[in-house]
Amino acid sequence: MSSVCLNIYNKILLRNVSYISCTVRKQSGYVLSVTLTKKYAGIDITQSNPREFCTGRNRYSAAGKLAQNQKPDWNKAVSEAEKIVGYPTSFLSLRWLLSDEIANVALHLRKLVGSNHPLLKTAKSLLYNGRNNMQAWGLIVLLISKAAGHLNVEDMEEDKAAGVLHSQRALAEVTEMIRTSHLVHKGMVNIYPGLYPEPAILNDMTFGNKIALLSGDYLLANSCTELAGLRNQDLVELMSSAIRDLAEGEFVGRRDQQNNPLPSPDGVSDAAEDWTLRNVLSAGSLLGKSCQGTLKLAGHGTELQEQGYKFGKHLALAWQACLDLEPFIAGSQYVSGSVFNLTSAPVLFHLEHDPNLFSEIDKGAESVQNVDYDKVHSIVSKGPGISQTKQLQKKHSQKAMEVLQVFQESDARTALSNIIVAMGDL
Amino acid sequence: MHTQQPGSLPDYRVDPYRLLEDDLKDVYDDIREELRRNTMEPELRTIATYYFDGQGKALRPMVAILMARAINYHMYKEKSGLLASQRQVAMIAEMIHSASLIHDDVVDQADFRRGKPSVNVLWNHKKVAMAGDFILAVASMMISRLQDDDVTITLSQVVTDLVQGEFMQLGSKETENERFAHYLTKTYRKTASLIANSIKATAMLAGADETLAEVAFQYGRNVGLAFQLVDDLLDFVDLKLGLATAPVLFACERYPELNPMIMRRFQEPGDVERAFELVHKSHGLEQTQFLARKHCIEAVRQASSLTDSPYQKGLQVVTDLVINRMK
C-alpha cells in the first residue's frame, strides 16, 4: 500500500474524519491537492482498544509513534532511499482511494469497530508496523530497478527524475497490493459451529470476514489488471506464481483452529530447512519474483534476472529472521505473556536442539493462545536458538549483499546496502 | 427413420453438450491436474479440486468452446479445429468461476452446493479463502501462457468485474430510479462478464477482428444476463428473498410498499410472505421472463450473423436451454 494511501486510510480508520485532503507529489514534480471530503464525509471511526495490537511482533503504540528504542538508522536508511526513487509509489494509488470500493470498505470497517474482528488489527498493523511496512517492499523493488538501470527503453516509458520505468513503478505497486491482499485474507476468522454462541457476535464476525475477503479480492483483482496492462506475459506468470506461493504457504505444517502455524515434530529434523520452506513461500517468493520481474521489465538477461530473484529472496529471509528475533533481543519490549510466532526461527532451532519443548508447544494444538509464552520465551532465550537465528539472518544478509556487487556503484545500490546494514543493527 | 446428416438436424435437435462431448469430457480432469501440479500440499489440493468433480453443468466451458468452434468455422470453414488455446480459455473460465464460488461460500455461509456440503462447512475458512486465491493464481498463470497481451487484458477484466459486482451487492442505498440499473450492472459484473469475456477471448485467439470479437462478446453478455435473470426468477419462486432482484424490482413499480422492504432486505417478520404475494399480484414474474427472453433473442440475433454450422445452431439452442429452465 502506498504511503499516501496509508496516511489517508489511517485518518479514515482512526480519527473522526469530517474533512480530509491530501497532497501528492506527481511524477512531474508539481503538487496536487486532492480533497476527499465528499467521499469520506461523515465517516466517524474512533479508536478502539490500543492494547489489542501490541503483540510480540509489533511494539508500536496505538498512536503510531515508534517505540522508544527504535534505532534511527533504519528510518534514516528508508527515508533516504525513498528520496532516491522519488515517492515510492505512483500517483495511480490515489485511484484506490477515490474508488467506490475502498470508500465502501471504510464505511463498513466503521461497523466493525467495537467488535473483535482481527481485520481491524490487520488494518492497523498495515499502518503502523514500521519495520514490516508494505511500503518498504515496493521501495526495494524500485531501488533495485534503479540500481540495475534499464536497456533499450523509449524515453516515454521512463520516469526521468526517479530513474525507473513507469512499468517498474506499477510493478512495485502490484507487489504491495499482493502482499496486502494476502495479509487481509490471512486476517479472517475461522468460524466453526459453537465458536460464537452469541448471535450478535457471530453476525459481526461473519460480516468482518466478508469485508476482509472482498477487500483482499479487490486488491488481487487490481493486481491482475495492473499486471495485464504491462503487456508482458512472462511477468504475469511470474507474479501469479508468487500469489500461488503465498496461498500455499498457509498450508504448510501443523495448524491450530485459527490456522496459526505450529512446529511439526517431523519438520524439526532440519529446522533451517523447515523455516526456509515456510518463509520462502510466505515472503521470499514475492519479493524475489518482484525483483526478478522488475529486471525483466528493464530488458536485462535471464542471468541478471536470477540475481534479482536471489537478492529479493535473501533480503526477505533476512528480514523475516530479524522479525523473528524481535521478541528475544536484549532491550526488546517483549510484553510478558504476549503471543509470538511458534514457528519463528529461534523456536524452531531450539526444538531441533531440545524436542522436550514440544510438551509445551503441543498445548497449542487447538489454539496457540493456550501455550505458556513466558515459559517458551524463557526456555528459548537460554538455548542456542537466538544465536542460530542471528547466524541465519547474517547469512541471508550477506547473500543479499553479495548480489549487490554485480551492480555498478550508485546511490540506489548504496541505499539498498544501507537498508541491509540497518536491519542487521536492529 | 432416415439417417440424419450433420447439418440436416432440425435446429432444436442439436444438443450442444453432445456436439462437444469430446471437447468437454476431460475438462475437469485437466483442471484438477493443473491444480495438482501447482502444489505439494495435500490439503490445498483437496480443497482446490473439490468443486471440479465433474458434477457441474460446465455451462461456461461449453459455451466458450461452442463459440470458439462457431467462430473458427465462420473464419476458416472446414479447416477449423478447436485450438488448444481456446480450450484453455474454457478451463480458465470454469476456474475463475469456481474460485469466486468458493469465496462466495465463505461469505454466504452456504451449507450445500452442487448436492454436496460446501467448502466452508468442511474446512477452515482461512484455508478456503487461500484455496480460492490459489485457483485464481493458477488460472492467471494459464492465461499468461497463452502469450496474448489482449487476451490477458480481456480475462483480467472478468476478475475485476466479479469483485465489483460483489461490492455492489453490499450496498442498497441507491434511489428507486437507480435501483434497476444497479441490479442490471451488478448482474453483468457478477455473471455475464465472465461468459462474455471468455467467449470474446476465444474469438480473439481465432484471430477475429474487432467486429467479430464484439459479436462473440455481445452473444455472451446477453446469454449471461438471461441466465441470471432466470436464476433470480427460480430463486424467487423458491422464496429465497433477501436481495432485490428483477421480480421484486418490477413489482415495485405497481406496489411501492415493497420499497421499504427492499431497503431492510426483507428482514422483518411477514416481509417475505407479503413480498411474495405482491410480486404474484403484479406482473413481476412475467416481466422478468420477458426481459430474459429479450436478451435471448438478442443473443440469437448476434449468433445468426455467423456462418451456418452445427456450432452456430448450437449457440441458438443454448438460449433455449437457458429459457427452458423456467418451465
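What percentage of the 426 residues in chain A is buried? Buried residues account for 58% of chain A, where buried means under 20% relative accessible area, exposed over 50% and partly exposed in between, with a 1.4 Å probe and protein chains only.

The structure is a predicted model, in which local features need pLDDT of at least 70, side-chain atom pairs count only at pLDDT 80 or more, and totals for chains, interfaces and linings use all residues. Residues are numbered from 1 along each chain as its sequence is written, chains are lettered from A and ligands numbered from 1 in the order in which they are written, and side-chain values use heavy atoms, with hydrogens and water left out.

**Chains**

Chain A contains 17 helices and six strands, whereas chain B contains 16 helices and two strands; helices (H or I, at least four residues) and strands (E, at least two) are DSSP runs, numbered from the N terminus. In chain B, 61% of the 327 residues count as buried.

Contact means heavy atoms within 4.5 Å. Among contacts in chain A between residues at least 6 apart in sequence, those joining residues at least 24 apart make up 75%. For chain B, 75% of the contacts with a separation of 6 or more are between residues 24 or more positions apart.

Accessible areas come from the Shrake-Rupley method with a 1.4 Å probe; for residues, only the protein chains shown count as cover. Chain A exposes about 16700 Å², with 50% supplied by carbon and sulfur atoms. For chain B the accessible surface is about 13900 Å², and 51% of it belongs to carbon and sulfur atoms.

The expected span of a helix is 1.5 Å times one less than its number of residues.

| Helix | Residues | First to last C-alpha | Expected span |
|---|---|---|---|
| Helix 8, chain A | 166–186 | 30 Å | 30 Å |
| Helix 5, chain B | 59–76 | 25 Å | 26 Å |

In helix 8 of chain A, 18 of the 21 residues are buried; in helix 5 of chain B, 15 of the 18 are. Just after helix 5 of chain B, B:Lys77 adopts a positive phi of about 50°.

**Helix packing between the chains**

The axes of helix 10 (residues 233–249) of chain A and helix 8 (residues 125–145) of chain B come within 8 Å and cross at roughly 165°. The two helices are therefore roughly antiparallel, a term for angles over 145 degrees. Axes are lines fitted to C-alpha atoms, for helices over the stretch in contact, and angles run from 0 to 180 degrees between N-to-C directions. Residues of helix 10 of chain A in this packing include A:Val236, A:Ser240 and A:Arg244, and those of helix 8 of chain B include B:Phe134, B:Ala137 and B:Met141.

Key:
Angles under 35 degrees count as roughly parallel, over 145 as roughly antiparallel, 65 to 115 as roughly perpendicular and the rest as oblique.
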